[in-house]
Amino acid sequence: MSNDIYIKVSNKDAGKQYILVFQKPDTNLNEMYDTLFPVAWKVLPLNSGGEQSITYPVQLEIMVKESTASYDARARGTIQETPVGQMWRFTNDGDFNVLEKAPAATVDGLMGCRNEAPQLIDIGLAKSGTPLVVKRRIAQGDQANFKLTPKLYFAYVTDIQAGELIKSDVSSSKLFELDLTNLKAVDIELSIADQNTGKKQWTARNRRSAS
């Protein structure tokens with residue numbers, strides 16, 4: 001039986017909106033927005049009356065890309081499915097990149113990757129091939145470790161595309177926090193709470209537990 005989580009996102013009457021879906025790291029928070037970034041995992045364009053279903057897969061991936069001046073989620077990288085708690089090592093042999101499991105023991109569900117290649121790289125955790133969090137500019141001999149919060153975040157935004165780094169905190173007034181613990185399915189709705197002020201609100205309905 002799949003442990004994937006199914007989420008229906010809808011816009012009742014809030015006009016044309018772009019709904020950002022993202023996750024946050026739970027480690028190295030002192031590096032947040034400096035070298036460690038959440039990523040716009042999905043951006044859903046929804047007009048009033050619109051809805052879109054997404055699947056949050058249980059399967060995680062470790063992703064490595066050559067570090068360039070600006071991060072590009074669409075740039076070719078090396079990606080492998082990873083269990084929680086697995087450590088990896090990245091090397092290259094000429095033009096051939098190698099991402100392989102490392103024997104190092106991990107603690108408390110951390111996942112990570114050590115850079116053993118003579119270049120700067122970006123290391124991330126991804127789902128469905130799109131990064132959730134990224135650690136930028138990892139030097140040879142250094143390592144990035146990750147742990148994700150068991151929460152998914154939704155916000156209405158105007159100026160970000162899927163795969164872009166989130167470079168500052170999203171305003172709490174625009175944000176909805178969804179606890180993923182023991183969750184199987186849920187409906188998330190954005191609507192106008194006050195027609196006079198235009199204030200918006202988030203509502204979660206039809207929550208189904210995984211067990």
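The model you see is predicted.

How does the overall size fit the length of the chain? A compact globule of 211 residues would have a radius of gyration near 17 Å, and the protein chain has 18 Å, which agrees. Here are some values for the whole chain:

| Property of the protein chain | Value |
|---|---|
| Span of the C-alpha trace along its principal axes | about 60 × 40 × 30 Å |
| Buried residues | 44% of the 211 residues |
| Accessible surface | about 11,000 Å² |
| Share of that surface from carbon and sulfur atoms | 44% |

Charges come next. The side chains include 25 positive and 25 negative ones, and the centres of these two sets lie 4 Å apart.

Now let's step inside. The largest nonpolar core has 42 residues, and Ile7, Ile19, Ile123, Phe154 and Leu178 touch the most other members. Strand β16, residues 183-192, gives the most to this core, with 5 residues.

Which residues does Ile7 contact, leaving aside its neighbours within four places in sequence? They are Gln52, Ser53, Ile54, Leu152, Phe154, Leu178, Val186 and Ile188. Two of these partners, Phe154 and Leu178, were named above among the residues that touch the most other core members.

Apart from this core lies another, made of 9 residues, including Ala40, Tyr153, Ala155 and Ile166.

Technical notes:
Residues are numbered from 1 along each chain as its sequence is written. This is a predicted model: local features need pLDDT of at least 70, side-chain atom pairs count only at pLDDT 80 or more; totals for chains, interfaces and linings use all residues. Side-chain values use heavy atoms; hydrogens and water are left out. A nonpolar core is a set of buried Ala, Val, Leu, Ile, Met, Phe, Trp, Tyr and Cys residues joined through side-chain atoms within 4.5 Å. Buried means under 20% relative accessible area, exposed over 50%, partly exposed in between (1.4 Å probe, protein chains only). Helices (H or I, at least four residues) and strands (E, at least two) are DSSP runs, numbered from the N terminus. Contact means heavy atoms within 4.5 Å. The radius of gyration is taken over C-alpha atoms; the globule rule is 2.2 Å times the number of residues to the power 0.38. Accessible areas come from the Shrake-Rupley method with a 1.4 Å probe; for residues, only the protein chains shown count as cover. Lys and Arg count as positive and Asp and Glu as negative; His and the chain ends are not counted. The place of a charge is taken as NZ of Lys, CZ of Arg, CG of Asp or CD of Glu.
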